[in-house]
Amino acid sequence: MKALKYLVAGASALAITAPAAMAEWQPRKPVEFIIMAGTGGGADQIARLLQGLIQKKDLSPRPFIPINKPGGSGAEALRYLQDKAGDNHTVMMTLNSFYTTPIIQEDLGVDVTEFTPIALMAMDTFLLWVNTDRDDITDVDSYVAAVKEAGLDWKVGGTGSGQEDSVLTAMMEAEFGYDVTYIPFPGGGTVAKNLVGNQIDSTVNNPAEQMEFYRAGNTKPLVQFTGERQAAFPDVPTAKELGIEIEYYMQRSVNGPPGMDPEAVEWYTNLFQTLFDSEEWQGYCKSDGLTCETMLKGEELATFHENQKVAHEKLIAQVGAAAITGE
Amino acid sequence: METIIVALGSGLVEAVQPLNLFMIFAGCLAGLFVGCMPGLGSVNGVAILLPVTFLVPPTTAIIFLAALYYGAMYGGAISSITLGIPGASTAVATVFDGRPMAQAGKADKALMAAAIASFIGGTVSIILFTLFAPPLAAFALKFGPQEEFALMLLAFATFIGLGGDDIPKTIFSILLGLVLAAVGFDIISGKPRLIFFDMVEFQRGIGFLVLAIGVYGIGEMLWTLETTKGSVQMHKVNTGWKKIKENFKDIKLYINSTWLGSFLGFFVGTLPAAGATPAALMSYGLSKTFSKDPDSYGKGNIAGVAAPEAANNAASTGSMLPMITLGIPGSPTTAILLGGMIIWGLRPGPLLFTESPDFVWGLIGSMYVANFVTVILNIALIPLFIRVLAMPFTLLTPIIFVLCVLGVFATTDRMFDTWIMLIIGVAAYFLRKLNYPVAPAVLAIVLGPLAERSLRQSLISSRGDAMTFIERPISLTCILIALALMSYPLVSRFLKRRKAAQAET
Amino acid sequence: MTVRTAELIMAIVLFVMSVGLMANVYFGDLVVGWIAGRGPGAGMWPFWLSLGMAGASLATIIRWFTGATPESRNTDPYIASETIFLVTVSAVSLLVMLILMNVIGTYFTLVIYMFFFVRILGNHSWFTTISMMLGTPLFVYLLFEVALTKYLPKGLPFFEELFLVVDNLRYEYFY
């Protein structure tokens with residue numbers, strides 16, 4: 001009987017090439033889960049974890065296929081999603097290059113506010129890290145003193161000009177009034193390794209990238225750029241407490257192409273809500289220093305994106321695109 | 001030492017549990033199969049893993065994964081030898097001599113050498129891994145951009161003499177590879193480079209596999225079609241047990257290259273960011289440089305198959321080291337592996353050895369067993385692989401073309417790269433006919449991005465002072481070795497000439 | 001066209017291409033020189049290497065005039081007439097395959113491709129032809145879509161729907 005039902009359903013789907021929205025929308029084919037970064041990074045890890053959970057909990061009738069599109073700091077992924085307008089079987093895991101890349105690459109022709117917001121899975125945080133060998137640096141004041149003494153010999157590692165951490169580095173330069181040498185590496189893991197190996201002097205990494213080295217006593221955080229102290233780092237002061245006006249987050253949200261059907265959006269939103277509330281996801285957030293209290297979705301997330309976009313435009317105008325792109 | 005033996009023993013016991021042993025067999029077979037498809041490698045094989053992990057406990061899953069990883073590594077050599085298309089980027093150097101051997105009707109010998117060299121490489125590497133993981137991890141941390149650049153210089157030095165006899169054309173080929181490597185988004189300046197026709201797809205750059213499959217899959221295939229006038233039929237090879245035993249005796253021809261590849265491969269593999277492909281290429285180059293008969297390389301020298309195969313297997317084991325001890329992926333496969341470990345609730349990092357010893361030693365134990373199982377399976381399947389060569393060209397050609405197109409598509413999930421592959425393939429065919437060597441371009445596109453990035457990182461960090469490469473001991477050592485290697489062919493030629501002159505007088 | 005002519009044309013094409021690459025870098029808003037205190041600019045590597053390529057092509061052109069390379073003295077035809085058919089057909093069939101994959105999807109393309117190569121070019125028996133026409137798509141489906149969870153191009157929506165009928169059956173009854 002089931003086979004017959006499917007033949008009939010298939011035939012009717014053929015008859016109407018654009019099938020009418022069913023009462024309960026469900027993916028009819030595998031869902032492309034685009035990741036706007038390369039393999040092994042934070043966004044990639046999260047996307048693959050989510051994909052694994054979807055499969056494990058059998059939440060979707062069709063699998064999610066993770067596809068990395070790291071080209072051009074996310075430019076390729078953004079354009080791909082833009083061109084997929086109206087497609088109900090593509091979603092994308094984003095990070096802050098979601099905002100910065102269209103600003104820096106003006107001729108890309110992508111407006112992220114047109115995309116369909118689905119779910120804000122987490123806010124990732126940034127901390128300032130130095131190697132534990134640096135006994136002379138114990139807090140932000142001694143850090144700033146050390147940087148000023150070293151001048152341009154102070155080497156800050158990051159994941160690439162135009163990436164989030166280069167924005168944050170530029171913000172710190174403006175705030176503290178020093179200049180440093182910024183060295184790009186491919187991926188946060190490599191940055192962390194170079195900090196442990198003393199190839200660079202400091203970095204602003206996400207907690208996930210430094211956590212294991214921190215637990216092993218190789219590196220130490222000096223300040224966190226959050227509103228409140230995180231549970232994972234109760235003894236590290238926030239920038240605000242020290243009177244430094246820097247608060248910066250990395251958003252980890254899932255978005256769809258422009259013009260997704262409302263039924264599909266609803267289905268995806270429910271799916272990611274289930275994932276968000278799962279024990280596994282909350283556990284991951286806790287151990288990796290992500291903030292996952294409530295999941296923003298729909299209108300709230302659209303407003304969030306709009307605010308973030310404006311904030312990033314302002315930031316980039318403030319520090320100057322040249323400070324971020326290096327040359 | 002004693003603790004290592006005890007821990008390893010328990011790891012081995014874990015690996016030979018019936019369920020685990022079964023998973024090792026399943027993993028090796030799946031890996032071999034995926035690995036021998038052009039373009040597909042262990043990265044793709046990891047996709048098979050995910051559903052499996054929901055059925056079995058994490059330790060069994062990682063054992064399956066290790067088996068898959070090994071199987072894919074061995075499998076890469078199979079398509080390099082039988083089809084002349086690198087099954088994975090790590091197996092590209094295997095094509096240089098494996099393909100001529102197959103064309104001369106010695107595919108079984110080449111496959112045997114690849115299997116045995118892989119086994120030795122893998123085994124040497126696991127033993128070194130077991131004994132020296134922590135100190136090696138500490139050494140890897142000393143490797144900054146300067147050392148990486150010096151290592152790339154060393155890699156380039158091993159290729160001297162790998163090109164053709166036409167010097168301007170060889171230079172052109174190398175430079176073309178290096179320039180193509182620069183296509184795409186430059187992370188150092190944050191700017192897109194060489195974006196043709198304003199196509200955003202170019203920001204991703206031109207992948208190594210796209211070039212390699214274009215050149216070897218399409219270009220060489222067209223060339224073969226032409227030279228053989230369509231009768232692309234290899235000699236049938238006799239593959240009885242007797243023949244296998246006989247082929248086993250060839251081992252003395254390539255054992256030195258195998259040792260060289262094993263140690264070099266492990267060492268290069270342990271360095272984060274280097275990986276198995278440069279290791280295999282360096283091993284091939286060095287093996288040729290120090291060979292008594294360097295001219296026979298590229299024409300079907302069995303040592304030219306063994307050297308890169310030993311090295312890529314050793315290196316892929318080695319590349320697990322930065323992942324397990326530091327949580328840094330050394331290759332895309334290990335990057336996805338890393339994601340898998342997180343799903344299982346394991347944290348790769350400096351504390352993994354002490355906090356999850358069962359897992360780590362289970363993994364190491366299964367590497368020993370998987371390596372052993374794969375070599376047996378591989379040798380047993382050689383007759384099957386050889387049969388591919390007996391297919392008539394009107395069946396083999398469409399299959400190869402289809403696998404090339406889909407293999408390229410599968411690596412990046414975009415049709416764009418299949419177009420690039422076709423263009424490169426046709427161009428390679430026309431160039432090849434005019435005696436432009438293609439191998440240097442393929443080598444250059446592997447090492448080009450690493451070399452350029454590490455050079456610029458070093459100079460940014462030294463604020464433009466080139467002395468930085470000489471001031472650091474490891475980097476200086478690599479540069480001196482590189483210089484010695486570059487001058488070696490000249491010196492040896494000079495010495496030969498002098499000897500000949502003395503003999504005359 | 002003789003090998004000799006082809007050698008010259010190729011060298012000129014490569015020379016022009018190299019200069020084109022240099023222009024692309026130079027006018028692409030990239031620094032082609034050395035930046036004080038920072039080392040090479042973003043355009044330095046591709047620009048100067050392209051210059052080297054242009055130089056190497058120029059050397060080939062000069063060697064052509066002096067007759068230094070074997071190719072420049074070779075007056076055999078560049079592509080022999082008896083092989084030109086085979087090579088052209090293979091290359092064009094690939095081109096058509098890529099175009100068709102975007103239109104009618106991977107699987108229908110494979111069926112047509114196999115029919116063309118096995119039956120028309122190869123003159124194999126109908127048994128071989130049909131087993132290849134059905135076997136290849138099945139194998140590709142099982143390997144890429146089932147085992148490796150890839151989604152191969154399905155072409156226009158109409159052909160995608162046709163494919164999904166089969167795909168749905170799989171999800172209904174198998175993994």
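In the predicted model, the loop between α2 (42-56) and β2 (64-68) of chain A contains A:Asp58. Although A:Asp58 is not a glycine, its phi is positive, at about 55°. Most residues other than glycine have a negative phi. A:Asp58 counts as exposed because it has 8 C-beta neighbours inside 10 Å, the limit for this class being 12 or fewer.

A positive phi also occurs in chain B, at B:Asn435, which is not a glycine and has a value of about 70°. B:Asn435 belongs to the loop between α19 and α20 (439-461) of chain B. With 17 C-beta neighbours inside 10 Å, B:Asn435 is classed as partly exposed.

Helix α19 (residues 415-433) of chain B packs against helix α4 (residues 81-103) of chain C, their axes coming within 11 Å and crossing at roughly 170°. Angles over 145 degrees count as roughly antiparallel, and α19(B) and α4(C) are therefore roughly antiparallel to each other. On the α19(B) side, the contact is made by B:Met415, B:Thr418, B:Trp419, B:Leu422 and B:Val426; α4(C) contributes C:Ala91, C:Leu94, C:Leu95, C:Leu98, C:Met101 and C:Asn102. Nine of the residues in this contact are nonpolar and two are polar, with no charged residues.

In chain A, strand β3 (residues 90-93) pairs with two strands, β1 and β10. The pairing with β1 (residues 31-35) is parallel and extends over four bridges, with A:Phe33 opposite A:Val91 of β3(A). The pairing with β10 (residues 249-256) is antiparallel and comprises two bridges; here A:Met93 has A:Val254 of β10(A) as its bridge partner.

Note on methods
Residues are numbered from 1 along each chain as its sequence is written. Chains are lettered from A and ligands numbered from 1 in the order in which they are written. This is a predicted model: local features need pLDDT of at least 70, side-chain atom pairs count only at pLDDT 80 or more; totals for chains, interfaces and linings use all residues. Two strands pair if DSSP finds at least two bridges between them. Axes are lines fitted to C-alpha atoms, for helices over the stretch in contact, and angles run from 0 to 180 degrees between N-to-C directions. Angles under 35 degrees count as roughly parallel, over 145 as roughly antiparallel, 65 to 115 as roughly perpendicular and the rest as oblique. Two residues are in contact if their C-beta atoms, placed from the backbone, lie within 7 Å. Ala, Val, Leu, Ile, Met, Phe, Trp, Tyr, Cys and Pro count as nonpolar, Asp, Glu, Lys and Arg as charged, and the others, Gly among them, as polar. A residue is buried if 20 or more other C-beta atoms lie within 10 Å of its own, exposed if 12 or fewer, and partly exposed in between; C-beta atoms are placed from the backbone.
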